[in-house]
Amino acid sequence: MSVLPEVRDQSESYALLHLVQGAVITQAISVAARLGIADVLADGPLSAPDIAARVGSDARATHRVLRALTGHGVFAVRPDGRYEQTPLSDKLREDATDSMRGFALLMNHPTLWEEWGHLYDTVESGEANLPKLRGMGALDFFHANPGYAKVFFEAFGELSTSETDPILAAYDFSGFGTVVDVIAGRGNLLAGILGQAPDVKGVLYDSEIATVDSPALFEAAGVADRLTIEHGGYLGKLPAGADAYLFKHIIHDFSEADAVTALRNAREAIAPGGRLLVLEYVLPENNEKHVGHTVDLWLMLMLGARERTRAEYAALFAEAGFELTRVVPTGSPISVVEGIPV
């Protein structure tokens with residue numbers, strides 16, 4: 001009589017395998033986004049051959065991608081074999097509110113994959129690898145590769161836009177007289193602030209090329225009469241006398257020295273009793289899962305920059321002449337880190 005071998009617990013091994021193979025799911029989601037599968041399913045369920053016919057792909061291969069993604073909650077399959085939308089796949093639609101299609105497309109870009117292949121070098125050296133790989137800094141590389149830059153900034157633009165409503169719901173801007181949004185691009189958040197707080201004036205501060213479309217944005221929002229646009233660089237002298245200076249996803253891009261310089265510029269410009277508002281991912285002290293930890297690796301790899309904890313922001317603020325007063329969480333992963341001039 002044969003004796004069956006003892007069955008050992010392999011759950012940890014396969015849990016790790018699931019994480020290791022996450023890159024495969026990333027690619028599958030990116031393919032679905034590029035084909036526009038979520039868009040063709042917006043009107044109702046379809047079979048894999050019908051989907052393939054509409055998006056111009058191979059029916060059998062399309063079925064296999066859909067089958068894999070269904071197991072992760074991206075798409076669902078009906079008893080009759082037709083595939084349908086889920087709350088997750090709905091966010092792959094190009095016109096969806098809070099769409100993540102742009103990010104899915106970015107994560108499939110070969111330039112990005114090449115860069116992430118050098119994460120080991122960054123961890124080994126402690127230095128950003130993109131300048132070594134490309135022979136230039138990140139901004140110069142984007143200028144030299146406008147096609148990739150378009151995909152990259154559209155993806156992060158989508159993500160940033162999705163944070164606007166949670167910020168406006170969590171933080172009351174109505175008590176300010178003038179808000180200066182520093183390196184704000186087109187100014188989506190500032191337009192939202194002025195729309196929510198009708199007595200507030202806004203100053204959009206960024207380069208001329210970054211703000212070329214801003215007047216139309218603020219006109220469409222009905223707040224152009226309370227907006228001033230001033231041009232300057234990342235570490236330039238800021239418009240003086242406002243009672244709120246806002247940095248959204250800017251400070252985390254800087255080296256420590258440049259971050260201090262940028263905040264000292266705000267300290268020099270701010271009115272008495274004003275507020276410094278840094279909008280970033282504030283890392284939890286206990287290392288729990290947070291999107292900020294992932295973005296922190298991007299910053300390390302590409303820029304040699306970093307995300308910070310509350311304590312680290314308090315130290316940064318103090319060096320620049322501010323006292324951190326509170327961290328206001330929002331309904332998205334971003335928080336408002338508030339400080340007052342010392």
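Outside the four places on either side in sequence, F218 is in contact (heavy atoms within 4.5 Å) with R186, G187, L190, A191, L194, L204, V223, A224 and L227. In soluble globular proteins, nonpolar side chains tend to be buried together.

The model is predicted, so that local features need pLDDT of at least 70 and side-chain atom pairs count only at pLDDT 80 or more, while totals for chains, interfaces and linings use all residues. Residues are numbered from 1 along each chain as its sequence is written, and side-chain values use heavy atoms, with hydrogens and water left out.

The largest pocket holds about 1,900 Å³ of space. On a 1 Å grid over the protein atoms alone, a pocket is an open set of points where a 1.4 Å probe fits, with protein on both sides within 12 Å along at least five of seven lines, and lining residues have an atom within 4 Å of a point. Grid points are joined across faces, edges and corners, and the volume is the space filled by probe spheres set on the points. Its lining has 48 residues, with F153, I183, G185, Y234 and I250 nearest the centre. Helix α12 provides the largest share of this lining, 11 residues; helices (H or I, at least four residues) and strands (E, at least two) are DSSP runs numbered from the N terminus. Among the other elements that supply at least two residues each are β3 (178-182) and α14 (188-196).

The second largest pocket has a volume of about 1,200 Å³. It is lined by 27 residues, of which T26, I29, F103, M107 and T294 are the closest to its centre. The greatest contribution to this lining is made by α2, with 6 residues. Helices α12 and α17 are also among the elements that each supply at least two residues to the lining of the second largest pocket.

The count of aromatic pairs comes to 18, where rings of Phe, Tyr and Trp (its six-membered ring) pair if their centres lie within 6.5 Å, with planes under 30 degrees apart counted as stacked, over 60 as edge-to-face and the rest as tilted. The rings of W116 and W298 have centres 5.5 Å apart and planes at 80 degrees, so this pair is edge-to-face. W116 is partly exposed at 24% relative accessible area, whereas W298 is buried at 8%. Both belong to one aromatic cluster, which also includes F103, F141 and F153.

Most residues other than glycine have a negative phi. F75, although not a glycine, has a positive phi of about 80 degrees; F75 is located in the loop between α5 (59-70) and β1 (76-77) and is buried, with a relative accessible area of 1%. H249 likewise has a positive phi, of about 50 degrees. H249 lies in the loop between β6 (244-248) and α16 (256-269) and counts as buried at 16% relative accessibility.

Definitions and conventions
Buried means under 20% relative accessible area, exposed over 50%, partly exposed in between (1.4 Å probe, protein chains only).
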